[in-house]
Structures are given as structure tokens and as C-alpha cells.
Amino acid sequence: MIDFFDNEFTNGKFLPTSKDVYFDSLFVDETYQGRGIGTVLVKEQIRLARELGAPTIYVSCVESSPVVNIFKKLHFLPLLRTGPSYANGSAALEMGIRLR
């Protein structure tokens, strides 16, 4: 199953370009979760993408993962859901943020 989100980011489309930055995953060991490490890592990704002049960052994550809350907090919007894609029944979630 594929679901497209309709919001001001996508307007019903998911169209990455070669100038966009895409990262596939973010993982912080459970021992260190809840300390802001994930937020720092995502903010650094945003800073580096801006430095490269990327117009957009796309991320892929497990929809049931706590990392989704970090992306939402930093203004990433959901774009596309596919699945269930994982053994636990979770869907894959593509999210994005426009930098310009």
C-alpha cells in the first residue's frame, strides 16, 4: 500500500531532484536515547545540507520509530507512506523539509 500525504510541501507529489539531500536512517542506541543526541544529529544534517546549497532534505524512517517525533519537531513533513514494510507491521515513512 502506498499513501501520499497532501500538504503544503507535496501538493500530492513526491518529486526529489538531484540537488536534494537524502538520508536513509538515524539510529541512537537505546542506552543514549532521550538525551537530545538524535536532535543534534538531525540539526547537523540540516546545517550541512544548507552549506551544500540543497533545496530539500528527504529522510526515510520506520513510521513507528521515535525518530519520527524528532523530524516533526524540526518541521519535516510526511510525504509518502509505504507498507507494511517491516516484520513488526510498521510502514516506511518518507519525510521532507524545504530549506529555501
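**The start of the chain in context**

Guide: Let's begin with contacts, meaning heavy atoms within 4.5 Å: of those in the chain with a separation of 6 or more, 66% join residues 24 or more positions apart. This is a predicted model, in which local features need pLDDT of at least 70, side-chain atom pairs count only at pLDDT 80 or more, and totals for chains, interfaces and linings use all residues. Residues are numbered from 1 along each chain as its sequence is written, and side-chain values use heavy atoms, with hydrogens and water left out.

Now to your part. Ile2 belongs to strand β1; strands here are DSSP runs (E, at least two residues) and helices are runs of H or I with at least four, both numbered from the N terminus. Setting aside neighbours within four places in sequence, Ile2 makes contact with Leu80, Arg81 and Thr82. Ile2 counts as exposed because its relative accessibility is 56%; the cut-offs are over 50% for exposed, under 20% for buried and partly exposed in between, with a 1.4 Å probe and protein chains only.

Please keep the confidence in mind here. pLDDT is the predictor's confidence in each residue, from 0 to 100. Strand β1 (residues 2–4) has the lowest mean, 73, while helix α1 (residues 37–52) has the highest, 94. Over the chain the average is 86, and 94% of the residues score at least 70.

Stepping back, the chain holds 2 helices and 5 strands, in the order β-β-α-β-α-β-β along the sequence. Buried residues account for 39% of the 100 residues. The C-alpha trace spans about 35 × 35 × 20 Å along its principal axes.

Two backbone details farther along deserve a look. Most residues other than glycine have a negative phi, and most peptide bonds are trans. The bond from Gly83 to Pro84, however, is cis, with omega near 20°, and Pro84 sits in the loop between β4 (77–82) and β5 (92–98). His75 is not a glycine, yet its phi is positive, near 75°. You will find His75 in the loop between α2 (67–73) and β4, and His75 counts as exposed because its relative accessibility is 63%.
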